[in-house]
Amino acid sequence: MTVYIFVGALLAGMAIGMPIAYALLLSGVGLMWHLDVFDAQILAQNVINGADSFPLLAVPFFMLAGEIMNVGGLSRRIVGLAIALVGHMRGGLGFVAIIAACLMAALSGSAVADTAALAALLLPMMVKAGHDKAKAGGLIASAGIIAPVIPPSIGFVVFGVAANVSIGKLFLAGIVPGLLMGVAIALAWWFVASRESVTLPPPASLRQKLVAFKESLWALGLPVIVLFGLRFGIFTPTEAAVVAAVYALLVATVVYREMSLRQLYDVFVSASRITAVIMFLVAASMVSAWLITIADIPSQVIGLLQPFMDNPTLLLIVIMLLVMVVGTAMDMMPTVLILTPILMPVIKSAGIDPVYFGVLFIMNNAIGLVTPPVGSVLNVVAGVGKMRLDEVARGVLPFMFAQFAVMFLLVLFPSIVMVPLNFLTR
């Protein structure tokens with residue numbers, strides 16, 4: 001009964017247009033009344049304690065780094081390097097989008113910020129070259145969602161806090177799966193682009209490539225510093241976020257000199273607004289997480305999934321299918337915050353590695369950002385490209401299926417995640 005009350009109150013709040021954070025609070029209050037433990041003071045304490053977390057400080061700093069990267073010229077130079085390297089190939093601008101997305105993912109960890117930058121820079125160029133606008137928009141959207149998987153990832157930070165899992169290990173475990181997502185959509189794009197007739201630009205000369213590399217060198221230094229520092233324990237993920245923000249700020253203002261004080265103010269305001277939304281979601285979810293524990297909902301879920309508990313692979317397939325369905329109707333952060341406290345006891349009871357599950361879970365939720373009808377990244381591409389949402393949804397399908405195929409490949413072969421992780425952490 002408690003499961004139905006929790007889900008019913010949550011869905012009812014969402015159905016009447018209530019923001020997700022308030023719907024989470026509503027479901028928490030509903031559970032409190034049902035369990036006869038309603039206390040406004042407990043409600044307030046859980047909200048405050050939910051946001052009072054040192055690892056969560058990584059969120060505002062990674063958001064700030066992403067905003068600075070887009071405004072300060074780092075993103076543009078990374079795209080310029082990719083164009084110089086592969087822009088002349090058939091479908092080259094699509095490969096530029098994929099390469100640039102992987103590099104930018106290692107700078108900010110924000111799918112929305114990376115996608116907005118890629119769509120603004122590359123979508124007009126791809127359309128001018130003769131690519132179908134819907135397919136080009138779908139590719140850019142699919143490339144943008146690599147950001148939550150390749151470190152540093154805001155999704156991993158939130159999941160790590162909610163699940164009490166090492167964020168550093170999540171970061172390192174996400175490298176190979178994130179790159180495989182890029183390879184998958186590159187193969188899908190090669191198949192799509194081979195059927196299009198486009199105007200190919202002349203190949204860049206060696207001098208042009210060297211100039212592009214020189215201009216992007218400072219931008220490329222950021223992911224190297226972050227990953228090197230995490231691998232050798234120089235700083236924690238939270239400290240890495242601060243390093244990323246300060247480094248991006250110095251490069252944008254001192255090296256590239258493309259950011260003024262007025263722009264810096266706007267960047268801080270934009271990053272603060274997005275951070276406030278995420279942190280309020282986290283704080284509200286902690287009320288539900290506490291009540292989920294009090295109501296012993298995880299044991300009820302374990303009971304429902306008992307037929308699959310003896311087969312971890314089958315259990316993961318069932319959970320991934322469940323998350324896929326939820327991802328079509330809910331954004332990434334609410335899904336992570338709602339399902340993590342419910343699913344983690346199930347995962348631990350089945351003997352599945354929490355870091356491995358975290359990678360699959362965040363990957364699934366990242367792909368959910370491009371699954372209609374709610375996909376927020378689809379909306380970003382539609383807005384920037386002045387397209388209808390259904391056009392972008394049509395264009396994203398082959399790339400979305402390719403990334404789902406990678407996810408289920410990781411379900412069937414856990415060593416693809418665990419072997420590189422063990423190598424990087426030994």
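**Salt bridges and the domain interface**

At 36% relative accessibility, Asp266 counts as partly exposed. This residue belongs to a predicted model. Asp266 forms a salt bridge with Arg262. The closest N and O atoms of this pair are 3.9 Å apart, and the cut-off for a salt bridge is 4 Å. Both residues lie in helix α14. They are 4 residues apart, about one turn of the helix. Arg262 is exposed, at a relative accessible area of 58%.

Side chains of opposite charge can pair when their charged atoms come close. By the rule applied here, the count comes to 4 salt bridges. Another of them joins Arg388 and Asp390. Here the closest N and O atoms are 3.0 Å apart. Asp390 counts as partly exposed, with a relative accessibility of 46%.

Arg76 and Glu258 also meet through their side chains in a salt bridge, with an N to O distance of 2.3 Å. Arg76 lies in helix α5, whereas Glu258 sits in the loop between α13 (237-255) and α14 (261-294), so the pair ties together parts that are 182 residues apart in sequence. Both partners are partly exposed: Arg76 has a relative accessible area of 43%, and Glu258 has a relative accessibility of 25%.

Glu258 has a further partner in Arg77. A polar contact of 2.8 Å joins the side chains of Arg77 and Glu258. Arg76, Arg77 and Glu258 are linked in a network of salt bridges. Arg77 lies in helix α5, which spans residues 74-86. Arg77 is buried, because its relative accessible area of 15% falls under the 20% limit. Neighbours within four places in sequence aside, Arg77 is in contact with Gly72, Glu215, Ser216, Tyr256 and Glu258.

Asn365 is part of helix α18, residues 354-367. With neighbours within four places in sequence left aside, Asn365 is in contact with Val323, Met332, Thr335 and Val336.

Attention now turns to the domains. The chain is divided into domain 1 (1-38) and domain 2 (54-425). Domain 1 gives 17 residues to the contact, and domain 2 gives 18 residues. Taken over C-alpha atoms, the centres of domain 1 and domain 2 are separated by 30 Å.

The size of an interface is often given as the accessible area lost when the parts come together. Between domain 1 and domain 2, the buried area is about 1,500 Å². Carbon and sulfur atoms give 87% of this area. Across the interface of domain 1 and domain 2, the rule finds 0 salt bridges.

On the side of domain 1 that touches domain 2, α1 (2-15) and α2 (20-35) each supply at least two residues. The largest share of that side, 10 residues, comes from α2. The residues of the side of domain 1 that touches domain 2 divide into 14 nonpolar and 3 polar, with no charged residues.

Technical notes. Residues are numbered from 1 along each chain as its sequence is written. This is a predicted model: local features need pLDDT of at least 70, side-chain atom pairs count only at pLDDT 80 or more; totals for chains, interfaces and linings use all residues. Side-chain values use heavy atoms; hydrogens and water are left out. Domain bounds come from an automatic or database domain assignment. Contact means heavy atoms within 4.5 Å. Buried area is the accessible area (1.4 Å probe) that two parts lose on being put together, summed over both. Ala, Val, Leu, Ile, Met, Phe, Trp, Tyr, Cys and Pro count as nonpolar, Asp, Glu, Lys and Arg as charged, and the others, Gly among them, as polar. Buried means under 20% relative accessible area, exposed over 50%, partly exposed in between (1.4 Å probe, protein chains only). A polar contact is a pair of N or O atoms within 3.5 Å; within protein, one must be able to donate a hydrogen and the other to accept it, and residues adjacent in sequence count only if both atoms are side-chain atoms.
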